[in-house]
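Please read it with the structure open.

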Amino acid sequence: MTAFFKLSGAGNDFIALVEPAADPAADAVRAWCRRGLSLGADGVMALSREAAGAVVMKHWNADGGRAELCLNGSRCAVRLAESLGWADGGAVKLRTDAGLLEGQNTGGNRVEIDVPFAIDAPAASVLETEQGVFRGWSIRVGVPHLVVFIDGGAVEDLDLAAVAPDLRRHADLGPEGANVNFVESRGRRSLAIRTWERGVEAETLACGTGAVASVFAGLAAGAVEAPAELTTASGFVLGVDRRGDGARLGGDARIVARGELLNGSL
């Protein structure tokens, strides 16, 4: 049996292990994340404390692969660390594979997290697939993203499963591919976003790094001002602002359940 917490960041859901004796094997991550057959999640994280007071977060996508950064997962990790009494003066320093972040609960279930490291300038991209030609922006926010602003229509009406997979694995994006974000502008500071995530290989209800990537792409295109709010597929709103060369991301992050994963979940 494996003790767990179930967490949700604006609909992006995770299984959290607290100070496990060992990292979970890739096949266990894949098994636990299967919806309908196990607990189900977009990913798994393991949290532990450093002697210096920081919280170390390791994250695996649903396919069992390690991810350098998951910002909604990081916000959930901050929320859980706070509930475990690990917060230092209300703030949590979170050590990820992409670098050290700092977050805090700002009231209720709202958690904000700072990305202090510089986010590279987005690069304009033109990608051709069997579904057509897509003009977007390539940008890395810990992990790679492609941001495509739709021209007319509502993002909710887009058949994401039909157009996103070929873009996610497009040769021009390199061997690792990228998360794909389709974004609709609803004002200078308001966007709607849907994301197809690599490692999950499906649409997720929210994506924190995708939200940051989309705002920075919008800034590069002159289509958005910061701070901006993004309505996700779950209906929850994520807020993104610039912090120097980095960013701040805020939104709902909640602890849904705690329990034990039984052997039948494997």
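1. The end of α4. The residue that follows α4 is Gly222, and its phi is positive, near 75°. This value, like the others in this note, comes from a predicted model.

2. Burial and length of α4. The helix is mostly covered, with 11 of its 14 residues buried. Among the buried residues of α4 are Gly208, Thr209, Ala211, Val212, Val215 and Phe216. An α-helix has 3.6 residues a turn, so residues three or four places apart point the same way. The length of α4 agrees with expectation, because 14 residues at 1.5 Å a residue should span 20 Å and the end C-alpha atoms are 20 Å apart.

3. Pro227 is placed in the loop between α4 (208-221) and β15 (228-231). The peptide bond that joins Ala226 and Pro227 is cis, with omega about 5°. Most residues other than glycine have a negative phi, and most peptide bonds are trans.

4. Two loop residues may be inspected together here. Ala10 has a phi near 60°, a positive value in a residue other than glycine. Its place is the loop between β1 (2-9) and β2 (12-18), and Ala10 counts as buried because its relative accessibility is 0%. Glu201 is not a glycine either, yet its phi is positive, at about 55°. Glu201 lies in the loop between β13 (190-197) and β14 (202-204). With a relative accessible area of 29%, Glu201 is partly exposed.

5. Cysteines. How many disulfides does the model hold? The count comes to zero. The sulfur of Cys70 has its closest cysteine sulfur in Cys207, at 7.0 Å, which is too far for a bond; the cut-off for a disulfide is 2.5 Å. Cys207 is likewise in no disulfide, the nearest cysteine sulfur being that of Cys70. Cys70 counts as buried because its relative accessibility is 10%, and Cys207 counts as buried at 5%.

6. The aromatic pair. The count of aromatic pairs comes to one. Its members are Phe134 and Phe182, whose ring centres are 6.1 Å apart. Why is the pair edge-to-face? The planes of the two rings stand at 80°, and planes over 60 degrees apart count as edge-to-face. The pair links distant parts of the chain, since Phe134 is in strand β10 (residues 132-141) and Phe182 is in strand β12 (residues 179-185), 48 residues apart. Both phenylalanines, Phe134 and Phe182, are buried.

7. Side-chain contacts of Asn105. This residue lies in strand β7 (residues 99-107) and is buried, with a relative accessible area of 19%. Which backbone atoms does the side chain of Asn105 reach? One is the backbone nitrogen of Gly107, at 2.8 Å. Another is the backbone oxygen of Gly108, which lies 3.0 Å from a polar atom of the Asn105 side chain.

8. Side-chain contact of Ser38. Ser38 is found in the loop between α1 (26-32) and β3 (43-49). Its relative accessible area is 16%, so Ser38 is buried. The side chain of Ser38 reaches the backbone oxygen of Trp32 at 3.5 Å.

9. Rolling a probe the size of a water molecule over the atoms shows where empty space is left. There are three cavities of 30 Å³ or more, and the largest cavity holds about 110 Å³ of space. The lining of the largest cavity is made by 14 residues, of which Asn61, Leu69, Val143, Asn179 and Glu197 are the closest to its centre. The elements that give two or more residues to this lining are α2 (71-83) and α4.

10. An exposed loop position. Is Ala22 buried or exposed? It is exposed, with a relative accessible area of 52%. Ala22 lies in the loop between β2 and α1. From C-alpha to C-alpha, Ala22 and Lys6 are 19 Å apart in space, and they are 16 residues apart in sequence.

Definitions and conventions. Residues are numbered from 1 along each chain as its sequence is written. This is a predicted model: local features need pLDDT of at least 70, side-chain atom pairs count only at pLDDT 80 or more; totals for chains, interfaces and linings use all residues. Side-chain values use heavy atoms; hydrogens and water are left out. Buried means under 20% relative accessible area, exposed over 50%, partly exposed in between (1.4 Å probe, protein chains only). Helices (H or I, at least four residues) and strands (E, at least two) are DSSP runs, numbered from the N terminus. The expected span of a helix is 1.5 Å times one less than its number of residues. Rings of Phe, Tyr and Trp (its six-membered ring) pair if their centres lie within 6.5 Å; planes under 30 degrees apart count as stacked, over 60 as edge-to-face and the rest as tilted. A polar contact is a pair of N or O atoms within 3.5 Å; within protein, one must be able to donate a hydrogen and the other to accept it, and residues adjacent in sequence count only if both atoms are side-chain atoms. On a 1 Å grid over the protein atoms alone, a cavity is a set of points where a 1.4 Å probe fits but cannot get out, and a pocket is an open set with protein on both sides within 12 Å along at least five of seven lines; lining residues have an atom within 4 Å of a point. Grid points are joined across faces, edges and corners, and a volume is the space filled by probe spheres set on the points.
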